[in-house]
Amino acid sequence: MRSLKTAKEWRCRPPRTRLMFVATVGAFLLPLTAHPALIRAQQPMGRVSGAVRDSAGVGLAGARLELATREGGVRIAASDSLGYFRFAPVPAGAARLVVRRIGYFPDTSALNIQDGVPTTLAIRLDVSVQGLAPVIVTERREVYDARLEGFYARQARGIGRFIGRERIVASASSSFTDILRAEVPGIRIGALGNLSKAVRLRGSRCPPLVFLDGFPATAGEFDVDMLELSSLEGIEVYSGLTSVPPEFIGPRMLERCGVIAVWTHPTSQRPRSPRQSADPPKGVSQNLEGLVARGDVLTAADVDVRVSVDSGSFAPAFPDQLHRSGIGGRVTVEFIVDTLGEIEPGSTRIVSSTDSRFDEAVLTALLSAHFSPARLAGRPVRQLERLPVVFGVSGDPAAQPAPDSTPRRPPLSS
């Protein structure tokens, strides 16, 4: 077939001739377009997923999984905060999975991955280095009962609008008026005199009466944005006089335009030291394994005297709502303690947790914690430590100490 010199000549060709030309060129180019990725897509493929848990059945975060396939490649995955993991599609056939995590014995499993059939695994890792003795939290602090009993009782009755600490923490709001705007229907916020964000509840033209921990804040306008969201335990809002509870009604009828009752957190978080408030070193939280592997940070098995908690410096508060509901649980947290007995910024990680609502109580208490540093050959050294915290409620098996507190070597996997 002679070459076509011009587009005009090509258009003048009969349709049959043009079709034959395209088919000939396509047959010539097809082998050149066979990309390796397309070839691999035709291979038998399977999926591998599952969960990594400790011997108590609680998901382990941050486990590293290495899957060696029959084609000779190694796929890498990591377990998430609940212990779950998933690999991208992998070649079917024999494979070998190795699971590792600092402080736990590794686990090795032989797999037979089938084409198009999901492989779901339940992997248990046993502790190799015993952590610190569990801290047992069984009672809520008395200040909770004294100030918040009425808040939760009114919330149970369902009259008014309630914003608890969990929603305050989870909210993306940066100020008190922001969270009011997001949570309270019909609220109006605007400039008034010297106040840039005056609050008006639905149907009212005058300011609502604001209560702080059960006491009226002022008889007039109150700048609610002076309140730090991080210091609050709960907010309750009553838009109309008919819905205001008797405990917020006074002789002067100041509550006629509604009530906003604010309850502060019972435990004041101490201000962070300059060292704590600095940005954490890049890569510390993601590279604990590398620090340990290089010997920059030691484990409890490597030191002569391990880290210990200074008496009274670590006292997590039992979340009041969970205590009232009879919900107990466990949280295990790991961190690096430096040579001065302080937790290194960016090194704290939740290892396992039966309920994420306990995590904040543990992490908040760690801000005030102080430790005696580990020692090797008489000198202080950096050590990676693991600390279990048990929130105990009578009759709740989840709140009992984890059975993996004593190191033991797991049986060999098949």
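The questions and answers below set features of this predicted model against the definitions behind their names.

Residues are numbered from 1 along each chain as its sequence is written. In this predicted model, local features need pLDDT of at least 70 and side-chain atom pairs count only at pLDDT 80 or more, while totals for chains, interfaces and linings use all residues, and side-chain values use heavy atoms, with hydrogens and water left out.

Q: Why is Asp355 called buried?
A: Buried means under 20% relative accessible area, exposed over 50%, and partly exposed in between (1.4 Å probe, protein chains only). Asp355 has 15% relative accessibility, so Asp355 counts as buried. Asp355 sits in the loop between β19 (349–353) and α10. Its C-alpha atom is 7.9 Å from that of Val331, 24 residues away along the chain.

Q: Why does Asp213 count as partly exposed?
A: The relative accessible area of Asp213 is 22%, so Asp213 is partly exposed. Asp213 belongs to the loop between β13 (209–212) and β14 (215–216). Its phi is positive, about 50°, although Asp213 is not a glycine.

Q: What makes Ala377 exposed?
A: Ala377 counts as exposed because its relative accessibility is 68%. The loop between β21 (374–376) and β22 (379–381) holds Ala377. Phi of Ala377 is also positive, near 55°, in a residue other than glycine.

Q: Why are β3 and β7 said to stand at the edges?
A: Strands (E, at least two residues) and helices (H or I, at least four) are DSSP runs numbered from the N terminus, and two strands pair if DSSP finds at least two bridges between them. The open sheet has 4 strands in the order β3-β2-β6-β7, with antiparallel pairing. β3 (74–78) and β7 (104–113) each have a single partner strand, so one side of each is left without a neighbour in the sheet. From one strand to the next, the twist averages 20° (axes are lines fitted to C-alpha atoms, for helices over the stretch in contact, and angles run from 0 to 180 degrees between N-to-C directions).

Q: How do you know that β2 and β3 pair?
A: Strand β2 (residues 64–68) is joined to β3 by 5 bridges, and the two run antiparallel. Glu66 stands opposite Ile76 in β3.

Q: What makes β9 and β19 edge strands?
A: In the open sheet of 4 strands with the order β9-β23-β18-β19 and mixed pairing, β9 and β19 each pair on one side only. The twist averages 25° from one strand to the next. β9 and β23 pair in the parallel sense over 3 bridges; Ile136 has Val390 in β23 as its bridge partner.

Q: What makes a set of residues a nonpolar core, and which have the most contacts inside the largest?
A: A nonpolar core is a set of buried Ala, Val, Leu, Ile, Met, Phe, Trp, Tyr and Cys residues joined through side-chain atoms within 4.5 Å. The largest has 27 residues, and Phe314, Leu366 and Phe391 have the most contacts inside it. At least two residues of this core come from each of β9 (135–137), β18 (329–337), α10 (359–366) and β23 (383–391). Another core, of 21 residues, lies apart from it and includes Val52, Val90, Ile113 and Leu125.
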